[in-house]
Amino acid sequence: MCSIPKADALNSFTRCPGLYCGRELLPDGNWTDCGACPRGFRANTSSICVPCNDEPMFYDWLYLGFMALLALVLHWFCIDKVSMRRNIPKEVIALYLSALFEVVAASLITLQVTEPIGTFRITSCRATKLSDWYTLLHNPSPNYEESLHCTQEAVYPLYTMVFIFYALGIAIMLLIRPLIAKKFLPVQGKFSIYAALYFYPILALLHAVGGGLIYYSFPHITIILSVLSNAAHFAFKLNQTMKSLLVSSVSNMKNVIVILGHWLLHGYGIVSIATLYGLNIHPAMLALVPLPALFYILTARFTDPEKLHTE
């Protein structure tokens, strides 16, 4: 561990250039050269590598939950598309439950292997600005000469946790899903596995490149995607009358589950946006959850293409 420099060590201590370069205190009382701090440490304002001992904020947990929900929604979307069924038979439900178990198990194991190991707690360094996610782009070049390589995980462990989750998600899926697919839906289950093997690497690439952007924008992404998905769900129905949309929304089990899923995602996005901007989460905010579905049902008759007139 690094400690505050003593008086005799201060004489030889100079602040490092750049935002993320730091020094470590050696056992003999001297300081290391400026460089990247070890994993689990971060340079403070005095360029001293200090351990990450912060507790994740509620927003950090919402971000991690969003990354897990994103994988789960993609699993269910792919299963729904390859099943090609209007209703939900027990065979397809088995694949849905398998995907849910895989994501939950990967999430719990990820928490267990993150410091402190064996607990569901996390010690972290909090993200304070967007550049914390992209330390690779902030390696300084003193006097415009050779660059100091100070790339590190300044938002430890939020960045690497997601990669661990994706790796565990793939491993658990390959252990469990083939057995369930072989028993219930051999063809559809096989294609759902292939789909996951495609979107997991894509998600990992998106996180590697845009992790910081996702961290600060996922509440808006959740709201937008839930509204668009809700509109697409209703738009695919042949009968666009208000009565038909209302009746099918409560009489068909699949429609009920899809609409409830959209409401949960919309509520998740509302809570995340309120947390991002430091607003108090008031129960009245949850009244906005069914608004997109009600808005579509009430206004669908005004958007019938057959009623549009060209001049």
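**Entry 1. Terms and model**

I take a residue as buried under 20% relative accessible area, as exposed over 50%, and as partly exposed in between. By that rule Val104, with a relative accessible area of 40%, is partly exposed. I note at the outset that the model is predicted.

**Entry 2. Helix α3**

I placed Val104 in helix α3. I then checked the length of this helix: at 1.5 Å a residue, its 23 residues should span 33 Å, and the end C-alpha atoms lie 32 Å apart, which agrees.

Which elements do the buried residues of α3 pack against? I found α2, α4 and α5. The buried residues of α3 include Leu95, Tyr96, Glu102, Val103 and Leu111.

I also looked up the surface around Val104. Helix α3 supplies the largest share of the patch, 5 residues.

I turned next to the interior. In soluble globular proteins, nonpolar side chains tend to be buried together. Here the largest nonpolar core holds 44 residues, and Tyr63, Trp133 and Tyr166 touch the most other members. The elements that each give two or more residues to this core are α2 (58–83), α3 (90–112), α4 (158–183) and α5 (186–235). I record α2 as giving the most, with 11 residues.

Apart from this core I found another, of 7 residues, with Phe234, Leu245, Ile259 and Tyr296 among them.

I listed the contacts of Trp133, leaving out residues up to four places away in sequence. Among its partners are Tyr63, Val155, Leu158, Tyr159, His207, Gly211 and Tyr216.

**Entry 3. Salt bridges**

How many salt bridges does a search of the whole structure find? I count 5.

Arg42 is buried at 12% relative accessibility, and Asp132 is buried at 1%.

In another pair, Arg121 and Glu55 meet through their side chains at 2.9 Å, N to O. Arg121 lies in the loop between α3 and α4 and Glu55 in the loop between β2 and α2, so this bridge ties together parts that are 66 residues apart in sequence. I note Arg121 as partly exposed at 43%, and Glu55 likewise as partly exposed at 37%.

The remaining pair I examined is Lys129 with Asp132, at 3.8 Å, N to O. Lys129 is partly exposed, with a relative accessible area of 36%. Through shared partners, salt bridges join Arg42, Lys129 and Asp132 into one network.

**Entry 4. Backbone details**

I looked for cis peptide bonds. The bond from Glu115 to Pro116 is cis, with omega near -10 degrees, and the bond from Tyr156 to Pro157 is cis, with omega near -5 degrees. Pro116 is in the loop between α3 and α4, and I place Pro157 in the loop between α3 and α4 as well.

I place Ser47 in the loop between β1 (41–43) and β2 (49–51).

Terms used
Residues are numbered from 1 along each chain as its sequence is written. This is a predicted model: local features need pLDDT of at least 70, side-chain atom pairs count only at pLDDT 80 or more; totals for chains, interfaces and linings use all residues. Side-chain values use heavy atoms; hydrogens and water are left out. A nonpolar core is a set of buried Ala, Val, Leu, Ile, Met, Phe, Trp, Tyr and Cys residues joined through side-chain atoms within 4.5 Å. Buried means under 20% relative accessible area, exposed over 50%, partly exposed in between (1.4 Å probe, protein chains only). Helices (H or I, at least four residues) and strands (E, at least two) are DSSP runs, numbered from the N terminus. Contact means heavy atoms within 4.5 Å. The expected span of a helix is 1.5 Å times one less than its number of residues. A salt bridge is a side-chain nitrogen of Lys or Arg within 4 Å of a carboxyl oxygen of Asp or Glu.
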